[in-house]
Amino acid sequence: MGRPGLNRRHLLTGLGGLTVAGSFGFAALGTGADALASGADTRVRYWNLFSGGDGYNMIAMLDSFRKDNPGIDVKDSTLQWGSPFYTKLAMAAAGNRAPDLGVMHLGRVTGFSPGRLLDPWDVGLLAKYGVKEADFNPDLWKRAVVDGTLYALPLDIHVQLCFYRKDVLRKAGLLGDDGRMIPVTSADQWFDVLKEAKKATGKGLQTIGLWHNDQNFQWWFFVAFYTQLGGTWFDDAHTRVTFDTDKATQVLEFLRRHITDGYADPGFGGGAGAEQFVNGSPFAWEGNWSVPVFDAAKVEYGATPLPPVFGRQATHAESHAFVLPHQSGRGGAANEGAHRLAAYIVRHARQWAAGGHIPAHTPTLTTDAYRKLQPQSEYVSAMDHQATEPKVWFAGSTGILAQRVGPLVVSSTTGSAEPDTVARRMKSELTTLLASKNPMDGKTAAQGGAAA
């Protein structure tokens with residue numbers, strides 16, 4: 001996902017559900033994790049980073065696979081989310097101790113030295129188990145390809161959304177006849193909406209929570225609105241920075257205005273936005289993983305992609321994807337079992353959608369069962385206008401790029417630095433990163449294989 005929030009990734013930890021085991025410090029989840037299942041003749045070792053609600057949904061999907069495939073025992077292990085997961089996965093691949101199947105954020109694949117730390121997928125074997133390129137959004141599939149070879153199999157996209165309280169917006173006259181928030185097509189119109197919503201907001205509540213002091217969320221929001229403006233990052237050869245500081249300044253000023261105009265309260269911390277939303281605040285910009293949280297709170301709400309305030313539809317998106325961590329001599333029954341397991345979960349992602357994610361397998365999106373999901377079916381269009389980080393080794397969820405520029409965006413949003421100054425600093429950081437070498441393989445972005 002994005003980052004911990006609202007009991008998101010730490011739920012199992014808080015319940016004592018995670019224990020450290022072995023040199024890589026992982027927790028075993030699901031049935032059959034410690035011994036080969038009765039009657040099984042193949043074992044597939046699978047590492048993931050799913051805890052909280054995602055962890056429970058993944059366990060349910062794995063148990064369904066076990067029931068339908070009794071000859072394959074899945075030993076699933078959940079590792080700590082974020083950078084520790086990627087470190088351990090890299091160490092395992094480099095030391096020939098890798099699992100048969102793993103999960104990564106798609107934005108991190110290019111930096112994971114495909115061909116050295118990741119093995120390619122056998123597209124013929126995937127097709128045998130019912131998964132083919134035609135079943136995926138073309139742009140999403142392209143992100144999984146490096147130097148013409150498929151190194152990741154997308155499971156979902158997870159997006160940043162504009163959650164809205166229907167009861168408050170109805171009172172403010174901002175709800176359409178279809179029961180959804182009225183369309184917004186410009187920045188001025190968006191702030192007019194906030195102005196009216198504020199009038200209908202209870203005392204002690206801010207109008208919108210937008211994680212104004214969180215480097216990851218602020219970076220994700222910046223990526224979305226910069227993409228709406230048609231902003232670019234680098235040339236195709238990854239030798240020159242094309243970052244547009246004028247467009248960046250426009251985005252930074254837009255984000256900052258939420259605080260200067262009094263719609264977001266600088267006194268509230270990041271997670272307070274979702275808490276206030278549950279208590280009656282009209283808007284919250286959150287990741288789609290907040291859907292189960294708001295459902296559990298019995299809130300009358302909707303969710304739509306971030307508003308196209310600069311005219312073009314684009315909302316930040318990342319993707320969980322299955323990968324094959326490098327194994328010397330990969331092949332045989334375990335490798336085929338890994339392909340079979342990944343294809344099964346991708347094709348049976350209705351359970352996964354309950355966590356708010358948009359399944360990558362497009363046939364799932366056309367089913368009656370998915371169309372009945374609310375608010376998932378309201379924001380499914382985000383699949384067709386994803387705003388993603390550039391395809392370079394230092395990008396991706398919890399990557400170096402977010403760590404370097406995220407705090408800069410925060411400094412502008414919260415008012416400690418001027419937007420135009422921050423835009424120039426961002427370009428400087430991008431220039432430094434473009435010239436730097438990937439510690440995985442010692443190559444710069446221009447030298448690495450990032451061409452689809």
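Start with helix H12, where the buried residues are Asn335, Gly337, Ala338, His339, Leu341, Ala342, Ala343, Tyr344, Ile345 and Val346. Keep in mind that this is a predicted model.

**Helix H12 and the cores**
- H12 covers residues 332–347, and its 16 residues reach 23 Å from first C-alpha to last, close to the 22 Å expected.
- The largest nonpolar core has 79 residues, and Tyr46, Leu153 and Phe322 are the ones touching the most other members. H12 is the top contributor to this core, giving seven residues.
- Another core, of 66 residues, lies apart from that one, and Leu210, Tyr263, Trp289 and Leu401 are among its members.
- Looking beyond four places in sequence, Phe322 is in contact with Ala342, Ile345 and Val346, and also with residues including Tyr46, Leu101, Gly102, Val103 and Leu153.

**Strand E4 and its partners**
- E4 (residues 101–105) is mostly covered, with five of its five residues buried.
- One side of E4 carries Leu101, Val103 and His105, the other Gly102 and Met104, and both faces are covered.
- Strand E2 (residues 42–48) runs parallel to E4, joined by two bridges; Tyr46 has Leu101 as its bridge partner in E4.
- Strand E14 (residues 320–325) runs antiparallel to E4, with four bridges between them; Gly102 has Val323 as its bridge partner in E14.

**Gln160**
- Gln160 sits in strand E9 (residues 156–165) and counts as buried because its relative accessibility is 2%.
- Leaving aside neighbours within four places in sequence, its contacts include Phe217, Trp220, Glu286, Trp289 and His316.

Terms used: Residues numbered from 1 in each chain as written. Predicted model: local features only at pLDDT ≥ 70, side-chain atom pairs only at ≥ 80, totals over all residues. Heavy atoms only, no water. Expected span 1.5 Å × (residues − 1). Buried < 20%, exposed > 50% of the residue type's maximum accessible area, 1.4 Å probe, protein only. Contact = heavy atoms within 4.5 Å. Core = buried A, V, L, I, M, F, W, Y, C linked by side-chain atoms within 4.5 Å. Pairing = 2+ DSSP bridges.
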